[in-house]
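Please look over the sequence and the model first, and then follow the sections below.

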Amino acid sequence: MNRFVATLLALGLLALLPLAPARAADDLSGAHDFDFEFGDWTVHHKIKRPSGEWIEFDGWSKTWPVLDGRGNVEDNLFHRPGGDTRGLATRAYDPATGTWAIWWIDSRAPHSAMDPPVKGRFVNGVGSFYADGLLNGKQTRTRYMWSKITPTSAQWEQSFSTDDGKTWDTNWIMSFTRVPPKK
C-alpha cells in the first residue's frame, strides 16, 4: 500500500474515534474580586489574645495588582502596642477552579515555613477562604472572610475552628478605610 493511501486510511479511522470533550473556557469571572482593595487604606485592628482579651491598634495597608491582574500583593504596617511590625498577603486567582489562594508572610518570622494558603471565592459580595492545618499542635481550620465592602471601606476577619467548621472563634478583625487619593 502506498504512503498516500495509508495516510487517508489512518485519517478516516481517526474520524471514527470519539472526540475528547472540549475543555471549558477558563473561568475569569472572579479574577477581579479583589480590585476593590487596590490603593491605600488606614486600618483599625482588633486582635483577640489567647486569654480572651481584645487589643486594638491602628495601621495602614496598600494593595496593588500583579500577574496581569490575576494576583495582587497587600503590604501592611501594624502599629502594635509592643512596636511596629509588617505583614504581606499575596493572592493568586486560578481560572481553572475559579478560586483564589492567599498566602501570608509575617515580618516577625519572615523565614518561617509558609502556612498552606487559604482558598475560596466571593459569593454575593462576601469572600470566604479556608485552609486546614496544625495550630499549636491541634488540627485547626482557618477562615478568612471579606465583607462590608464599599468604595471607601471593607472588613476582614480571621477565625479558627477546631471542630471542622461547626463553630468559629473570631480572633482578628481589620476595618479598612480608604485613604482619599491625593489631588
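This is a predicted model: local features need pLDDT of at least 70, side-chain atom pairs count only at pLDDT 80 or more; totals for chains, interfaces and linings use all residues.

## Strand β3 and its two partners

Strand β3, which covers residues 71-80, pairs with strand β4 (residues 83-94) in the antiparallel sense, and 10 bridges connect the two. A hairpin of two residues joins β3 to β4. Along this pairing, Gly-71 has Ala-92 in β4 as its bridge partner, while Phe-78 stands opposite Thr-85 in β4.

With strand β2 (residues 54-66), β3 again pairs in the antiparallel sense, here over eight bridges. Val-66 has Gly-71 in β3 as its bridge partner, and the hairpin of β2 and β3 has four residues between the strands, with Leu-67 taking a positive phi near 55°. How much of β3 is covered? The strand is mostly covered, since nine of its 10 residues are buried.

## Aromatic pairs

The structure holds 17 aromatic pairs. In one of them, the rings of Phe-34 and Phe-129 have centres 5.8 Å apart and planes at 35°, so the pair counts as tilted. This pair links distant parts of the chain, because Phe-34 lies in the loop between α1 (3-16) and β1 (39-48) and Phe-129 lies in strand β7 (residues 126-135), 95 residues apart. Phe-34 counts as buried because its relative accessibility is 0%, and Phe-129 counts as buried because its relative accessibility is 0%.

The rings of Trp-41 and Phe-176 have centres 5.8 Å apart and planes at 85°, so this pair is edge-to-face. Trp-41 in strand β1 and Phe-176 in strand β10 (residues 169-178) are 135 residues apart, and their pair also links distant parts of the chain. Both Trp-41 and Phe-176 are buried.

## The cluster and the charges over rings

Which residues form one aromatic cluster? The cluster is formed by Phe-34, Phe-36, Trp-41, Tyr-93, Trp-100, Phe-122, Phe-129, Trp-146 and Phe-176.

Two arginines can be described by the ring faces over which they lie. Arg-91 lies over the face of Phe-34, at 4.3 Å from the ring centre, and Arg-80 lies over the face of Phe-78, at 5.1 Å from the ring centre.

Key
Residues are numbered from 1 along each chain as its sequence is written. Side-chain values use heavy atoms; hydrogens and water are left out. Two strands pair if DSSP finds at least two bridges between them. Buried means under 20% relative accessible area, exposed over 50%, partly exposed in between (1.4 Å probe, protein chains only). Rings of Phe, Tyr and Trp (its six-membered ring) pair if their centres lie within 6.5 Å; planes under 30 degrees apart count as stacked, over 60 as edge-to-face and the rest as tilted. A charge sits over a ring if NZ of Lys or CZ of Arg is within 6 Å of the ring centre and within 35 degrees of the ring normal.
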